[in-house]
Amino acid sequence: MIFLFVVLQLPTQIKTAGETKRILGALEGIEWESGSVTLEQKKDVFFENVLLLLDTIQINSNLDAFLNVILLVSILRIIQCTSMHPRLALLTGTLARAADDLWHTAILIVMIMVSFAGIATWRFGNQYTDFGSFEKSMQTEFRLMFGEFLLYWGESRELQAFVVLYYMVMFLLILNFLLAVIVEAYLKVRRYNEEIEYENEFFHDLSFSIVAYFHGKRRGWPSQVLLGHSCSKLSGKLSLGYKDLFHMGLFRCQKDIEDFLSFYSVLSCLEPPVVDSSGLTTDAQLEPESKKIVKEISEMLQLKKPKLKDVARDAELRRIGSEAHLGALGLGQSFSLHRLNLLRTGSKGGSHGQCGAWGGG
């Protein structure tokens, strides 16, 4: 936007410079000492060029104001662009999380300042210029809110009471409430950044994204939007492999799929989750919300995740049961059944010790 503005206004600025030079030359060329030109003609030429010069100055002033607005918007755009990376999104993330509280705090601040400004204008407006009008009172209160002190505040008891009360309400209470709201939102953003696993240091992620872009262009990988849309159609899967990418039909050949998996395998956040015997991921990989849901479902169904000791004991029971069923000798059959009974009753005998070795105690 700034570049476009400069390109469009460059011819105008060049023309304005030439016009200004012509006007100043016309003012210098007025022959004030000449008697051949009447005074009225000299005054007409002078004021005509002065008006043209003032118009030129006003046009340039308006253009500068418009350019100032463009620069401010560009700064806001730069700040907004920092939300693209979690580590840089501290400012935008904090403002987004605290937007509702900040809005209501702003309403409270305006109400209190308007009330104090009305009182100050009514009571002290005829004595002090800082409270001479409602607008000046608001400006004075704004300076007081950020620590400025009135040098003459001790001249009257009423002014002392007014200043002390204003400081207690605005400086000691409201500003601390505002700071608490911002700090709470900032801590939420920091906590979120600590929990996510898919981001690294900013320049590391930036360089990796650039390399991935050019590598994907050279290899003909599908776009991120198309690949993400295809992955969203796969339900009930915790990870994607070679077969899944192959069946999508987005890659040109099998070699491209191998290069794609090899390139992104260096990211630890893309490691496939480990699934235990109960069909759940490990606790370290479960999100807190998922843990809570699994716990609530287990409590409702009165289920409990099997421990390794229980799994080993069940395996031993099945093995001993098969021995008892296939044993041809009576002694061997009774011995196997005895071990089976020991395992069922949880005896401290030799069979339980063997099972304990299987199940880790």
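**Aromatic pairs and helix packing in a predicted model**

Reader: Is Tyr128 buried or exposed?
Author: The model is predicted, and in it Tyr128 has a relative accessibility of 11%. The cut-off for burial is under 20%, so Tyr128 counts as buried.

Reader: Is the aromatic pair of Tyr128 and Tyr152 stacked or edge-to-face?
Author: The count of aromatic pairs comes to 23. In the pair of Tyr128 and Tyr152, the centres are 4.6 Å apart and the planes are 10 degrees apart. Planes under 30 degrees apart meet the cut-off, and the pair is therefore stacked.

Reader: How many residues apart in sequence are the parts that this pair of Tyr128 and Tyr152 ties together?
Author: Tyr128 lies in the loop between helix 4 (99–124) and helix 5 (134–145). Tyr152 lies in the loop between helix 5 and helix 6 (157–195).

Reader: Does Tyr152 count as buried or exposed?
Author: The relative accessibility of Tyr152 is 18%. With the cut-off for burial at under 20%, Tyr152 therefore counts as buried.

Reader: Which parts of the chain does the pair of Trp221 and Tyr264 link?
Author: Trp221 and Tyr264 form a tilted pair, 6.1 Å centre to centre with 45 degrees between the planes. The two residues are 43 residues apart, and the pair links distant parts of the chain. Trp221 belongs to the loop between helix 7 (202–219) and helix 8 (224–232), and Tyr264 to helix 10 (residues 254–264).

Reader: Are helix 5 and helix 6 oblique or roughly parallel to each other?
Author: Their axes come within 10 Å and cross at roughly 60 degrees. Roughly parallel would require an angle under 35 degrees, and roughly perpendicular 65 to 115. Helix 5 and helix 6 are therefore oblique.

Reader: Which residues of helix 6 make the contact with helix 5?
Author: The crossing of these helices is right-handed. From helix 5, the contact is made by Glu141, Phe142, Leu144 and Met145. The helix 6 side consists of Phe162, Tyr166, Tyr167, Met170, Phe171 and Leu175.

Reader: How many helices are there in the protein chain?
Author: The elements run α-α-α-α-α-α-α-α-α-α-α-α-α-α from the N terminus on. There are zero strands, and the number of helices is 14.

How values were computed
Residues are numbered from 1 along each chain as its sequence is written. This is a predicted model: local features need pLDDT of at least 70, side-chain atom pairs count only at pLDDT 80 or more; totals for chains, interfaces and linings use all residues. Side-chain values use heavy atoms; hydrogens and water are left out. Rings of Phe, Tyr and Trp (its six-membered ring) pair if their centres lie within 6.5 Å; planes under 30 degrees apart count as stacked, over 60 as edge-to-face and the rest as tilted. Helices (H or I, at least four residues) and strands (E, at least two) are DSSP runs, numbered from the N terminus. Buried means under 20% relative accessible area, exposed over 50%, partly exposed in between (1.4 Å probe, protein chains only). Axes are lines fitted to C-alpha atoms, for helices over the stretch in contact, and angles run from 0 to 180 degrees between N-to-C directions. Angles under 35 degrees count as roughly parallel, over 145 as roughly antiparallel, 65 to 115 as roughly perpendicular and the rest as oblique. A crossing is left-handed if the near helix is turned anticlockwise from the far one by less than a right angle, and right-handed if clockwise. Contact means heavy atoms within 4.5 Å.
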